[in-house]
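Okay, thanks for making time, everyone.

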Amino acid sequence: MAAVSTLIDRIYRDFLNKPDDLSAFSRLDGGINASVTSLVYESGLFSSEEENLLGNGALVEIGQELMLVTASNTSTRTLTVARAYAGTAAAAHTDEDNIFINPTFPRKSVYDAVSDNISRLYPTLYN
């Protein structure tokens, strides 16, 4: 699976994130485990317009996990989230992991598409 994750990272870098179309992102300010529903993001990376996007109903992505924002406090940089949104799995995340707002191409979707095609086209390679 590590090779597939590396391929996903390359797909994002080379094809899905054009230099002139960068996604809004920040980083976790402290690690979280799989059951935490409140997270803090680092200051200075989101613009005030991007922080306005963090209201109820926004999606944030850390790693391959999507989270639904249920409350936000921009003065303390704290988000309250519903974990494991849209079929993703709740996972532990480490300090300074990237947080993306409303990702155009969620990593889980890209990961599933690439994994499915590799296993379908090259079943012996995948196993």
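Let's start with a quick one: is Ser109 buried, partly exposed or exposed? Ser109 comes out partly exposed, because its relative accessible area is 43%, and our cut-offs are under 20% for buried, over 50% for exposed and partly exposed in between, with a 1.4 Å probe and protein chains only.

Before I go on, this is a predicted model, so local features need pLDDT of at least 70, side-chain atom pairs count only at pLDDT 80 or more, and totals for chains, interfaces and linings use all residues. Residues are numbered from 1 along each chain as its sequence is written, and side-chain values use heavy atoms, with hydrogens and water left out.

Back to Ser109: you'll find it in helix 3, residues 107-121. Helices here are DSSP runs of H or I with at least four residues, strands are E runs of at least two, and both are numbered from the N terminus.

Now, how many salt bridges does a search of the whole structure find? It finds 2, taking a side-chain nitrogen of Lys or Arg within 4 Å of a carboxyl oxygen of Asp or Glu.

One is Arg77 with Asp29, closest N and O atoms 3.2 Å apart. That pair links distant parts of the chain, 48 residues apart. Arg77 is partly exposed at 22%, and Asp29 is partly exposed at 40%.

Then there's Glu65 with Arg83, at 2.7 Å, N to O. Glu65 sits in strand 4, Arg83 in the loop between strand 5 and strand 6, and both are buried.
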